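Subject: Structure for your review

Dear colleague,

Please find below the structure that I am handing over to you. My notes on what was found in it follow directly after.

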Amino acid sequence: MHTLVIKNRISRQIPAGRRLLERGDFRQLLDLPAGTMVRLVDSKQHFVAMAYLAKQNKGVGWVYSETDGEQLTTEWFIQCLKAARDRRQRLFFDDLTTGFRLFNGEGDGLGGLAMDWYDGYIVSHWYSEGILRYRRMILEAIQKVFPECLGVVGKNRFKHADLPKSEWIFGQEAPHDWVIVENGIRYMTHLNEGWMTGIFFDQRLVRDYVSQYLAPGARVLNTFSYAGAFSIASAVGGASETVSVDLAKRTEELTQEQFESNGITMEYQHVFVMDTFDYFSYAKRHHETFDLIIMDPPSFARSDHGYFKVTEDYQSLVEQALPLLNDTGYLLCSTNAAQFTKEDFLASIMAGAAATGQSLAVVEHFHLPSDFPVPNASPESDYLKVYLLKKK
């Protein structure tokens with residue numbers, strides 16, 4: 001087994017909980033095959049941790065154990081998944097929520113792999129060739145720990161010429177339309193269509209708050225709405241009207257099926273397939289105003305106008321949205337960009353308000369729910385930042 005020397009800084013951070021390894025953490029990083037297990041030692045050759053190498057958007061590898069010589073085996077994966085299942089016992093017995101994060105990468109002991117539970121089906125997210133090397137062992141562990149699992153679909157979230165974005169890799173294939181429940185609300189999902197399924201479980205607490213406390217009687221604008229998860233949460237919660245806006249061509253179809261699955265007609269639910277900034281201009285011309293505006297954009301996106309980068313353009317979003325917000329309304333600002341710190345994100349929001357001559361007060365803020373555990377000393381893993389604001 002190869003032994004690699006890491007710098008003193010990272011050798012101190014690993015015992016504190018850090019799991020991600022970056023190229024600059026090593027004295028010398030050998031060109032080893034993806035998935036290679038290595039021993040990490042400090043400059044005095046003292047053992048620090050075991051890791052596997054995996055080039056991906058996040059660094060070049062992951063720590064998986066602080067026991068010298070411990071290897072990734074089928075039994076290791078079984079124990080790791082058992083521990084993850086035990087942490088989610090409450091969710092498994094919650095009849096009002098049948099979809100949630102099942103295994104959250106480094107937060108559950110193994111970076112580079114995430115799994116979601118869709119009422120019997122598992123959607124697995126593979127982030128590198130390195131973790132894919134252990135797929136057979138992981139599938140064996142899934143069958144052992146989750147015997148009720150009907151099937152597994154894999155999302156290959158890295159570039160590989162021979163791999164599709166999505167593929168069925170175990171068990172029976174789910175129906176094209178698969179309904180899960182979250183906080184008592186039905187969501188239509190499509191488990192084997194590209195990387196996305198129709199819902200992001202990391203926003204579960206935020207959707208519940210919107211449905212219970214913000215939606216009743218409100219006119220809601222949901223920008224970057226994708227399949228309309230926030231819109232349906234608002235409508236079920238008693239919103240008087242919802243407007244969903246997204247550039248994706250399937251937005252209208254996906255959003256409408258969400259309402260229909262909950263028995264809600266489209267009379268007071270409107271969908272605009274267009275760029276959010278274009279909709280802001282349209283809404284201003286038509287003197288539209290809202291009691292709640294939700295803005296949860298992707299970190300990066302392209303449109304006919306060029307590109308949108310959340311770290312650079314969120315301020316402009318706030319500037320354009322505030323003229324549409326009623327004086328007693330709420331602005332819900334969200335980002336999942338790991339590199340966008342909460343301090344910089346909030347500063348961007350406030351700068352957008354200041355540019356319109358207004359100021360905002362933070363009413364509430366949200367982080368990842370409990371099924372998305374985050375290890376200590378790993379700020380990039382605690383990626384979700386959501387602020388609820390109101391005009392002062």
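Which residue takes a positive phi just after α1? The residue is G17, with a phi of about 125 degrees.

Before the remaining findings, a note on conventions. This is a predicted model, in which local features need pLDDT of at least 70 and side-chain atom pairs count only at pLDDT 80 or more, while totals for chains, interfaces and linings use all residues. Residues are numbered from 1 along each chain as its sequence is written, and side-chain values use heavy atoms, with hydrogens and water left out. Helices (H or I, at least four residues) and strands (E, at least two) are DSSP runs, numbered from the N terminus.

An open sheet of 5 strands has the order β1-β3-β4-β5-β2, with mixed pairing; two strands pair if DSSP finds at least two bridges between them. β1 (2-5) and β2 (20-21) are the edge strands, each with a single partner, so one side of each has no neighbour in the sheet. Within this sheet, β4 (residues 47-53) and β5 (residues 61-65) run antiparallel and are joined by 4 bridges. A51 has V63 in β5 as its bridge partner.

Helix α1 (residues 8-16) has I10, S11 and I14 buried, where buried means under 20% relative accessible area, exposed over 50%, and partly exposed in between (1.4 Å probe, protein chains only). Seen down the axis of α1, these buried residues fall within an arc of 105 degrees, so they line one face of the helix; the arc is that of the directions from the helix axis to the C-beta atoms. They pack against β2, β3 (37-41), β4 and β5, contact being heavy atoms within 4.5 Å.

Nonpolar cores

A nonpolar core is a set of buried Ala, Val, Leu, Ile, Met, Phe, Trp, Tyr and Cys residues joined through side-chain atoms within 4.5 Å. The largest such core has 38 residues, and those with the most contacts inside it are L72, L110, I122, I142 and F146. Helix α2 (residues 74-87) supplies the largest share of this core, 6 residues. A second, separate core of 36 residues includes I180, I232, A235 and A239. Leaving out residues up to four places away in sequence, I142 touches L81, M115, I122, P147, C149 and V152.

Strand β6

In β6 (99-104), 6 of the 6 residues are buried, so the strand is largely enclosed by the rest of the structure. β6 runs antiparallel to β7, and 5 bridges join the two. F100 stands opposite W117 in β7.

Salt bridges

The structure holds 20 salt bridges, each being a side-chain nitrogen of Lys or Arg within 4 Å of a carboxyl oxygen of Asp or Glu.

- D68 and R39 form a salt bridge, with the closest N and O atoms 2.8 Å apart. D68 is in the loop between β5 and α2 and R39 is in strand β3, 29 residues apart. D68 is partly exposed, at a relative accessible area of 43%.
- D108 and R87 meet through their side chains in a salt bridge (2.6 Å, N to O). D108 is in the loop between β6 and β7 (113-118), and R87 is in helix α2, 21 residues apart. D108 counts as buried, at 3% relative accessibility.
- R135 and E167 form a salt bridge, with the closest N and O atoms 3.2 Å apart. R135 lies in helix α5 (residues 135-145) and E167 in strand β10 (residues 166-171), so the pair ties together parts 32 residues apart in sequence. R135 is partly exposed, with a relative accessible area of 24%, whereas E167 counts as buried at 18%.

In helix α8 (residues 251-261), the buried residues are T251, L254, T255, E257, Q258, F259 and S261. They pack against β12 (185-189), α7 (229-236), β14 (241-246) and β15 (269-273). After α8 comes G263, whose phi is positive, near 70 degrees.

P216 is placed in the loop between α6 (204-214) and β13 (219-223) and is partly exposed, with a relative accessible area of 48%. Leaving aside neighbours within four places in sequence, P216 is in contact with S211, G237, G238 and A239.

Yours sincerely
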